[in-house]
Amino acid sequence: GIHPLLDVGCAYGRNVQTAHNLLKEKIDSNKTIILACDCNEGHLAAVNGLCLPGVETLFARLPDNFPPQSLGNKINNDGASGILMSEVLHFLSGEAIEQTLVAARDVLVSGGVLAITACSPFMNFVPNESGVCHINSIIQPLYESNIDRRWPVGDGINLQTLLSGRDLDGRGDNAIKRMPTFFHPFSARDLRRAVEETGLRVISAEERWHPGYPPQYQNAGRENTQLLAVKI
């Protein structure tokens, strides 16, 4: 039978809805086809509110509660055909990323696919008064000066402190306060290495523009780290 897809860091379910539309012909009302995971109960409630057949939600916090203890029951202990980690790993330290990748490998069935998107060190974020991107002016030099480290920005930056008082895409300071404090963008090179060390085969790893980002984030088409890998 078909193995389910895990959306790790599902937020309000945008990717869940897209996957559901693609997989709906294979959905059996008695079987989970998409498992949406998040550490925010409000996000899980929003996905539940979509009332999509074959979709279930599960609390998961990376890396200490992934995979969740109840995951085996949800997927009949068979494993997952795919794992999507979209815009979530950049909130983890390098060590936590590595732990999460090992856990993801173990959950995937043979032939299963891991897809990741995350912020790269080259993205623009919030223009300041002078028109210079405040985050990029800090993170890119930090990355380049530590390029020989295992995770060049592995110590992360305090995102809330950095953005304090700034207007995040017109949403004001309250939007900043809701964001995680720790922010750790990484390159395709560093993510590829970490994934290959788990034994997964990397199909592609590159920095590209993310169509879901606001235009002001753009910086030479390298704003988003994207990786696709398969379990052999």
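**A close look at Asp 38**

A: Start with two side chains: Asp 38 and His 43 are joined by a polar contact of 3.2 Å. A polar contact is a pair of N or O atoms within 3.5 Å; within protein, one must be able to donate a hydrogen and the other to accept it, and residues adjacent in sequence count only if both atoms are side-chain atoms. This is a predicted model, in which local features need pLDDT of at least 70 and side-chain atom pairs count only at pLDDT 80 or more, while totals for chains, interfaces and linings use all residues. Residues are numbered from 1 along each chain as its sequence is written, and side-chain values use heavy atoms, with hydrogens and water left out.

Where does Asp 38 lie? Its place is in strand E2. Helices (H or I, at least four residues) and strands (E, at least two) are DSSP runs, numbered from the N terminus. Asp 38 is buried, yet it has no salt bridge. Buried means under 20% relative accessible area, exposed means over 50%, and partly exposed is in between (1.4 Å probe, protein chains only). A salt bridge is a side-chain nitrogen of Lys or Arg within 4 Å of a carboxyl oxygen of Asp or Glu. For Asp 38, the nearest side chain of opposite charge is Arg 61, 8.1 Å away. Here Lys and Arg count as positive, Asp and Glu as negative; His and the chain ends are not counted.

Now the neighbours. Leaving out residues up to four places away in sequence, Asp 38 touches Gly 9, Cys 10, Ala 11, His 43, Leu 44, Leu 58, Phe 59 and Ala 60. Contact means heavy atoms within 4.5 Å. Pro 68 also contacts Leu 58, Phe 59 and Ala 60, again leaving aside neighbours within four places. Pro 68 sits in the loop between strand E3 and helix H3 (71-74). At 6% relative accessibility, Pro 68 counts as buried. The C-alpha atoms of Pro 68 and Leu 58 are 7.7 Å apart, although ten residues separate the two along the chain.

In H1, Val 16, Ala 19 and His 20 are buried. They lie on the same side of H1, because they cover an arc of only 105° around the axis. The arc is that of the directions from the helix axis to the C-beta atoms. An α-helix has 3.6 residues a turn, so residues three or four places apart point the same way. The buried residues of H1 pack against E1, E2, helix H2 (41-48) and strand E3 (55-59). The face turned away from that buried side carries the exposed residues Arg 14 and Leu 22.

Next comes the core. The largest nonpolar core has 34 residues, and Leu 6, Ile 83, Met 85, Leu 89, Leu 101 and Leu 114 have the most contacts inside it. A nonpolar core is a set of buried Ala, Val, Leu, Ile, Met, Phe, Trp, Tyr and Cys residues joined through side-chain atoms within 4.5 Å. E2 (34-38) is among the elements that each supply at least two residues of this core; others include strand E1 (5-8), strand E4 (80-86) and helix H4 (94-107). H4 gives the most, with six residues. Leu 6 touches Leu 35, Phe 66, Leu 71, Ala 80, Gly 82, Ile 83, Leu 84 and Val 107, not counting residues up to four places away in sequence.

Asp 38 lacks a salt bridge, but a search of the whole structure finds ten. One of them joins Glu 98 and Arg 150, whose closest N and O atoms are 2.8 Å apart. That pair links distant parts of the chain: Glu 98 is in H4, and Arg 150 is 52 residues away, in the loop between helix H5 (134-145) and strand E6 (157-158). Glu 98 is partly exposed, at 22% relative accessible area. Arg 150 is partly exposed too, at 39%.

Asp 190 counts as buried, at 2% relative accessibility. Asp 190 does meet Arg 189 in a salt bridge (2.8 Å, N to O). Arg 189 is partly exposed, at 41%.

Finally, step back. The protein chain has eight helices and nine strands. Of its 232 residues, 48% are buried.
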